[in-house]
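Q: I would like to learn how to read a structure like this one, feature by feature. Where do we start?

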Amino acid sequence: MTGQGQSASGSSAWSTVFRHVRYENLIAGVSGGVLSNLALHPLDLVKIRFAVSDGLELRPKYNGILHCLTTIWKLDGLRGLYQGVTPNVWGAGLSWGLYFFLDLFLGCLEHRMVPFSLWHMNC
């Protein structure tokens with residue numbers, strides 16, 4: 001009987017700790033990180049191509065950003081512009097999601113000037 005009472009009080013303690021946590025912040029951070037990465041990945045690819053082709057005769061030479069983008073588009077199409085996007089999307093989505101989630105969570109703790117005892121939060 002005491003085991004059930006302890007588990008009920010333990011779960012209510014966790015519910016009081018996380019009652020002010022908004023999962024919408026996590027979703028907003030993940031979606032923002034993913035969408036920004038998808039929008040800007042071709043420019044990141046161009047930056048990497050310029051860095052790699054610097055001084056090497058084996059790599060193609062580009063005259064500028066537009067020349068690089070059009071060359072990649074002509075050779076590999078849309079798939080070529082998004083080579084290597086998967087790890088970047090995972091990383092950006094995870095990092096921005098956790099940033100928004102934890103920043104607001106810890107900001108609430110700081111705002112209330114609560115000592116690190118998480119059991120008395122009223123945020």
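**Reading the fold**

A: There are 4 helices and 0 strands in the protein. Helices (H or I, at least four residues) and strands (E, at least two) are DSSP runs, numbered from the N terminus. The elements run α-α-α-α from the N terminus on. This is a predicted model, in which local features need pLDDT of at least 70, side-chain atom pairs count only at pLDDT 80 or more, and totals for chains, interfaces and linings use all residues. Residues are numbered from 1 along each chain as its sequence is written, and side-chain values use heavy atoms, with hydrogens and water left out.

Q: How many residues does the protein have, and what percentage of them count as buried?

A: First the cut-offs: buried means under 20% relative accessible area, exposed over 50%, and partly exposed in between (1.4 Å probe, protein chains only). The protein has 123 residues, and 24% of them count as buried. Its accessible surface comes to about 9,000 Å², of which 66% belongs to carbon and sulfur atoms. Those areas come from the Shrake-Rupley method with a 1.4 Å probe; for residues, only the protein chains shown count as cover.

Q: Which residues make up the largest nonpolar core?

A: A nonpolar core is a set of buried Ala, Val, Leu, Ile, Met, Phe, Trp, Tyr and Cys residues joined through side-chain atoms within 4.5 Å. Here the largest one has 6 residues: Leu45, Val46, Tyr62, Cys68, Ile72 and Leu81. H3 gives the largest share, 3 residues.

Q: What is leucine 45 in contact with, leaving aside its neighbours within four places in sequence?

A: Contact means heavy atoms within 4.5 Å. Leucine 45 is in contact with Ile72, Gly80, Leu81 and Gln83, its neighbours within four places left aside. For the whole protein, take the contacts with a separation of 6 or more: residues 24 or more positions apart account for 65% of them.

Q: Where is asparagine 37, and is it buried or exposed?

A: Asparagine 37 sits in helix H2. It counts as buried, because its relative accessibility is 15%. Not counting residues up to four places away in sequence, asparagine 37 touches Val85, Asn88, Val89 and Ala92.

Q: What does asparagine 25 touch?

A: Asparagine 25 is also found in helix H2. With residues up to four places away in sequence not counted, asparagine 25 touches Gly97, Phe100, Phe101 and Leu104. Now compare sequence and space. Asparagine 25 and tryptophan 96 are 71 residues apart along the chain, and their C-alpha atoms are separated by 9.7 Å.

Q: How many aromatic pairs does a search of the whole structure find?

A: Rings of Phe, Tyr and Trp (its six-membered ring) pair if their centres lie within 6.5 Å; planes under 30 degrees apart count as stacked, over 60 as edge-to-face and the rest as tilted. The search finds 4 aromatic pairs. One of them, tryptophan 96 with tyrosine 99, is edge-to-face: 5.5 Å centre to centre, 85° between the planes. Both residues lie in helix H4 (residues 85-111), 3 residues apart, about one turn of the helix.

Q: Why is the pair of tyrosine 99 and phenylalanine 100 edge-to-face?

A: The planes of tyrosine 99 and phenylalanine 100 are at 75° and their ring centres are 5.9 Å apart, so the pair is edge-to-face. Trp96, Tyr99 and Phe100 form one aromatic cluster. Tryptophan 96 is partly exposed at 41% relative accessibility. Tyrosine 99 is partly exposed at 47%, and phenylalanine 100 is partly exposed at 35%.

Q: Which residues form a nonpolar patch on the surface?

A: Patches are made of residues with over 30% relative accessible area and no salt bridge: like charges are joined within 9 Å, nonpolar side chains (Val, Leu, Ile, Met, Phe, Trp, Tyr) within 5 Å. Leu94, Leu98, Leu102 and Leu106 form such a nonpolar patch, with about 360 Å² of accessible area together. Leucine 102 lies in helix H4. It is partly exposed, with a relative accessible area of 40%.

Q: Which residue forms a salt bridge with lysine 47?

A: A salt bridge is a side-chain nitrogen of Lys or Arg within 4 Å of a carboxyl oxygen of Asp or Glu. A search of the whole structure finds 1. Lysine 47 forms a salt bridge with aspartate 44, with the closest N and O atoms 3.2 Å apart. The two are separated by about one helical turn, because they are 3 residues apart in helix H2. Lysine 47 counts as exposed at 53% relative accessibility, while aspartate 44 counts as partly exposed at 26%.
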